[in-house]
Amino acid sequence: MTYSGRFLFAVFLLTFAATGCDGTEDPFTPTLAPPVPITVPDGFTAEVFASGLDLPTSIAFPPDGSDRLFVNELQSGKVRIVQGGVLLDEPFAEVATNTTGGFPVTGENGLLGIAFDPQYSVNRYVYVTYATRTDSGTFGTVARFTDVNNRGEDFTVLLEGVPSGPGHQIESPAFGPDGNLYVSTGDAFMEDEVQNTDSFLGKILRMNPDGSIPGDNPFPNSYTYAYGFRNCFDLVFDGAGELFSADNGTDRDDELNRIVAGGNYGWPMELGETSAPEFVAPLHVWSQIVSPGGMAFYQGTQFPAAFRGKLFLVLFGDTFSEGPSDRAKRVQMVDLDTTPPTFEDFAVYDFPGVGNPLDVTEGPDGSLFLSDIFQGRIFKISYTG
Ligand SMILES: [Ca+2]
Ligand SMILES: [Ca+2]
């Protein structure tokens with residue numbers, strides 16, 4: 001998630017309680033603006049699943065099959081739960097972010113990522129990544145809670161002190177098939193640190209679930225798994241155990257990358273296409289910015305066969321821009337089995353309205369769920385035939 005090239009759009013603090021709107025379909029907060037319509041393929045429906053969230057970022061269901069969607073709120077630092085379609089009043093947990101004032105007016109910091117332990121059904125561990133403002137700077141943390149009846153207890157810090165700027169901070173965690181925890185970090189606008197494998201910046205980090213450095217990491221005594229990134233928001237493993245992420249470029253050259261151990265992805269020396277042998281070339285480059293955000297491989301069976309195993313990728317688009325975007329404000333379906341990968345629209349925002357999709361995840365019923373940070377809503381996309 002990066003918006004540094006797009007701050008020009010953030011000239012005012014968006015208020016959610018739009019006046020003069022009526023006919024809202026929103027049962028929770030009737031003063032909200034109507035949802036931005038979403039166009040989906042024939043046979044699919046897109047509906048509002050939850051509303052009234054405060055700058056929702058990452059979303060995820062625990063791997064126990066329960067109908068509980070965990071939703072991070074960026075600046076409140078609250079992890080919320082939508083259980084059986086109802087947003088619970090009591091948050092699961094709350095972390096200190098010390099950020100207020102709206103996004104991205106005061107920066108991108110706050111509660112970003114969430115992941116569940118592969119053994120969640122046994123140990124109930126929930127992991128979060130967040131960036132906290134302090135008097136001496138902004139720092140990223142990886143922490144763990146234990147889920148006790150929808151309340152996060154036994155708060156445990158696993159990694160802290162990840163340097164951050166007003167953005168490009170610590171982003172998202174994901175567990176690999178090796179049982180290790182991977183975490184993406186932005187460059188914190190300190191580009192000179194990115195090629196240093198001993199620095200936390202511009203990396204994909206790999207750690208044991210307890211926060212220690214695995215003995216088989218590619219660089220001795222370093223969390224670095226791969227490096228040379230500007231700001232990767234999400235991390236996702238496919239069914240074969242390969243890791244993918246999308247890097248956010250400046251005002252150009254967003255990248256989709258396959259992540260390999262020890263790989264150098266070029267930033268800040270190169271961005272976008274590269275033929276340099278020392279750098280890993282992207283799978284795909286968007287020459288114009290799309291701001292790639294959340295990612296999920298569809299592993300369910302609700303959708304028809306043509307949709308299964310595909311990567312669903314959110315293209316966030318310009319912050320606060322109103323009206324259609326011909327290349328973002330949508331979820332695309334990516335076929336990584338073709339060379340080069342092929343992209344197809346799946347869910348496209350159909351304006352008027354203000355909104356930006358951010359994260360996507362699959363639910364236990366095989367529907368896809370989509371967070372919208374500015375609408376404060378979660379959308380549910382289902383195949384109904
Ligand atoms: Ca690159
Ligand atoms: Ca995600």
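Two strands pair if DSSP finds at least two bridges between them, and strands themselves are DSSP runs of E with at least two residues, just as helices are runs of H or I with at least four, all numbered from the N terminus. With that in hand, welcome to a few close-up views of this predicted model, in which local features need pLDDT of at least 70, side-chain atom pairs count only at pLDDT 80 or more, and totals for chains, interfaces and linings use all residues. Residues are numbered from 1 along each chain as its sequence is written, while chains are lettered from A and ligands numbered from 1 in the order in which they are written.

**View 1. Strands β16 to β19 form an open sheet.** Four strands make up this sheet, in the order β16-β17-β18-β19, and the pairing is antiparallel. At the edges are β16 (232-237) and β19 (284-286), each pairing on one side only. Neighbouring strands are turned by 20° against each other on average, direction ignored; such angles run from 0 to 180 degrees between N-to-C directions, with axes as lines fitted to C-alpha atoms (for helices, over the stretch in contact). Look inside the sheet for β17 (residues 243-247) and β18 (residues 254-259), antiparallel strands joined by five bridges. Here F244 faces R258 in β18.

**View 2. A second open sheet has the order β8-β9-β10-β11.** This one also consists of four strands with antiparallel pairing. Its edge strands, β8 (111-116) and β11 (151-164), each pair on one side only. From one strand to the next, the twist averages 20°. Strand β10 (residues 137-148) runs antiparallel to β11, and nine bridges join the two. To find your place along this pair, look for V148, which stands opposite R151 in β11.

**View 3. Strand β5 pairs with β4, β6 and β7.** Five bridges link β4 (residues 68-73) with β5 (residues 78-83) in the antiparallel sense, and V71 has R80 of β5 as its bridge partner. The two strands form a hairpin with four residues between them, and G77 in the turn has a positive phi of about 75°. Next comes β6 (residues 86-87), which pairs with β5 over two antiparallel bridges; V82 is opposite L87 there. This hairpin has two residues between its strands, and G84 in its turn shows a positive phi of about 55°. Strand β7 (residues 93-94) is also antiparallel to β5 over two bridges, with A93 as the partner of V79.

**View 4. I378 sits in the largest nonpolar core.** A nonpolar core is a set of buried Ala, Val, Leu, Ile, Met, Phe, Trp, Tyr and Cys residues joined through C-beta atoms within 7 Å. Buried means that 20 or more other C-beta atoms lie within 10 Å of a residue's own; 12 or fewer makes it exposed, anything in between partly exposed, and C-beta atoms are placed from the backbone. The largest core has 97 residues, and F312 and I378 have the most contacts inside it. Beyond residues up to four places away in sequence, I378 touches residues including V71, V82 and F369; contact means C-beta atoms, placed from the backbone, within 7 Å.

**View 5. G202 lies in a loop and is buried.** The loop runs between β13 (181-185) and β14 (203-207). G202 counts as buried because it has 29 C-beta neighbours inside 10 Å. Leaving aside neighbours within four places in sequence, its contacts include T185, Y227 and W267. The C-alpha atoms of G202 and E191, 11 residues apart along the chain, are separated by 8.0 Å.

How values were computed: Two residues are in contact if their C-beta atoms, placed from the backbone, lie within 7 Å.
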